[in-house]
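Subject: A structure for you to look at

Hello,

Here is the structure I promised to pass on to you. Please open it beside this email, and then read on for what turned up in it.

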Amino acid sequence: NFKRSQYAFRIDIDVINLDDGPVGEAITNTILAIPKEKTSPTWRLKNDISTIDEAREYTRKYGWGTLVINKGLSSSLNDSLTTGSSYNSSAAITVLEQEGRHPIAQLLFVKFTLEGTAETIATQYAIQQLTEYRSNIVSSNDKTVVANLDALFRPIGFTVERVGLYGISLGAILLPLGMMVSFVCVLVPVMMLKFGSYPAYKTTRHKSIFSFLVVVIFILCLGFSFYATIAFVAFRGPNYNKQKLGLPVTGGRFFSIWMTYLLTIFPMSLWIKSLAILVPPAFVAIPSVLTLIPNTLAGLSVVELSSSFFQWFHGLPFYQGGVLARYVIGGGYPKLGQCLGVLFGETAFSLILLYFCTLIQQHFVHTGAVDHMGNYRGTKAYLGSAFNKTPALDDSSTDEPSSASLEAGKTTSRQRRFSEHIMAIADDEAMITQAGMQNETVAL
């Protein structure tokens with residue numbers, strides 16, 4: 001995205017001519033005659049809009065920005081020049097700036113192009129009009145100036161209107177950074193679950209493990225997304241409604257912002273947990289880094305101004321969550337169905353992936369393919385099968401006897417032989433006693 005200015009031509013800025021006279025036509029032709037460059041937005045004529053309210057609604061929903069030549073400009077200017085009637089030059093053009101589509105593109109290209117073009121046209125038209133007016137006076141030999149001086153020296157002015165309000169300080173980075181912090185806060189306990197849940201694979205059913213992980217991750221995402229929502233609302237300050245920095249935050253809009261954060265970080269947390277289950281401890285940071293960096297860039301940068309390779313960023317949760325959040329906050333660029341469809345689809349995919357990853361991991365644990373830290377058999381970090389001596393629920397133990405058991409067996413064997421020896425001596429003494437009694441009987 002460091003070469004985003006090379007793709008600025010992908011931004012379309014509309015010009016709408018509501019004036020039926022020559023002034024509006026001249027301004028329109030001047031704008032459309034501006035040479036097209038890759039480093040500047042592209043001007044586009046919009047003919048199917050007839051009122052300023054329609055122009056506002058169109059810009060809020062679909063546009064980057066619009067320059068509207070207001071109705072009645074030619075007749076009003078002509079009356080002021082010929083009769084000296086009052087004239088308001090700022091009513092000639094209305095500049096509609098869409099803030100909610102993407103704040104960075106708005107600041108770098110749209111706002112600069114719209115206001116710069118309007119100011120350039122105003123200056124050029126004023127010079128051209130003064131030249132023509134002077135020529136008419138010279139040719140008619142009439143030195144009386146009847147024209148309204150404001151209309152003569154400043155015939156074209158403009159008024160800026162903000163559409164899709166999102167004019168918050170640091171608004172360009174506030175949402176994606178809030179999502180990033182929330183996700184990182186969830187990431188820490190998710191990684192702890194990797195190293196603390198291996199005993200459960202040996203003694204617990206697979207569906208119970210899967211359900212437990214989903215519930216824990218959902219609760220974590222719910223809590224941290226709520227905290228991020230409170231931080232966002234608190235950042236805007238108590239007077240943001242007076243400054244029109246966004247739509248008023250009602251209870252419903254607060255809940256919508258909260259759910260937007262939740263829907264953004266929940267599928268990512270499930271995805272990370274799925275990969276972390278099967279990844280050895282030495283490489284457990286790789287899925288986190290490869291997930292967090294592209295998503296953060298998708299939220300911060302203008303994907304539309306990136307090369308074709310990075311257009312897949314449109315499908316990342318941070319991008320869709322950012323578009324959805326800006327719509328909830330400011331009402332601009334409504335893509336509710338698209339954003340919810342993508343985020344719910346990614347959540348479903350992550351749930352399916354987590355289900356099969358836990359199933360595979362339980363198989364590895366039962367077969368002794370991994371140790372209690374998640375290292376695979378055959379690697380240097382593998383700690384052996386000592387962890388797998390714990391008997392399963394339905395399996396009989398086939399482990400070798402321990403040294404303590406062998407020592408206990410040897411002691412029992414020695415005690416048995418000693419007892420047999422004592423009993424043999426007792427039998428011999430009994431036989432000797434019996435033989436002596438028989439001899440005494442014979443002697444008698």
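The axes of α10 and α11 come within 9 Å of each other and cross at roughly 155°. An angle over 145 degrees counts as roughly antiparallel, so α10 is roughly antiparallel to α11. Their crossing is right-handed. To find the place where they touch, look for M268, W271, I272 and L275 in α10, which meet P287, S288, T291 and N295 in α11. Sorted by class, this contact of α10 with α11 has 5 nonpolar and 3 polar residues, and no charged ones. Please keep in mind that this is a predicted model.

Now follow the chain on to the next pair. Helix α11 (residues 285-300) packs against helix α12 (residues 317-330) at an angle of about 30°, and their axes are 7 Å apart. Angles under 35 degrees count as roughly parallel, and α11 and α12 are therefore roughly parallel to each other. α11 passes α12 in a right-handed crossing. On the α11 side the contact is made by N295, T296, A298 and G299, and on the α12 side by P317, F318 and Y319. These residues divide into 4 nonpolar and 3 polar, with no charged ones. Notice N295 of α11: it takes part in this contact with α12, and it is also among the residues that meet α10.

Helix α10 (residues 251-278) has another partner, helix α13 (residues 336-367): their axes come within 8 Å and cross at roughly 20°. That angle makes α10 roughly parallel to α13. Here the crossing is left-handed. The contact of α10 with α13 has 17 nonpolar, 6 polar and 2 charged residues.

What about empty space inside? Rolling a probe the size of a water molecule over the atoms shows where such space is left. How many cavities of 30 Å³ or more does a search of the whole structure find? The search finds 1, and the largest cavity has a volume of about 30 Å³. Its lining is made up of W64, R101, H102, E304, Y319, R326 and Y333. By class, that lining has 3 nonpolar, 1 polar and 3 charged residues.

Enjoy exploring, and write back with any questions!

Best wishes

Definitions and conventions
Residues numbered from 1 in each chain as written. Predicted model: local features only at pLDDT ≥ 70, side-chain atom pairs only at ≥ 80, totals over all residues. Heavy atoms only, no water. 1 Å grid on protein atoms, 1.4 Å probe; cavity = no way out; pocket = protein on both sides within 12 Å on 5 of 7 lines; lining within 4 Å. Points joined across faces, edges and corners; volume = space filled by probe spheres on them. Nonpolar A, V, L, I, M, F, W, Y, C, P; charged D, E, K, R; others polar. Axes fitted to C-alpha atoms, helices over the stretch in contact; angles between N-to-C directions. Helix = DSSP H or I, 4+ residues; strand = E, 2+ residues; numbered from the N terminus. Parallel < 35°, antiparallel > 145°, perpendicular 65-115°, else oblique. Left-handed = near helix turned anticlockwise from the far one by under 90°. Contact = heavy atoms within 4.5 Å.
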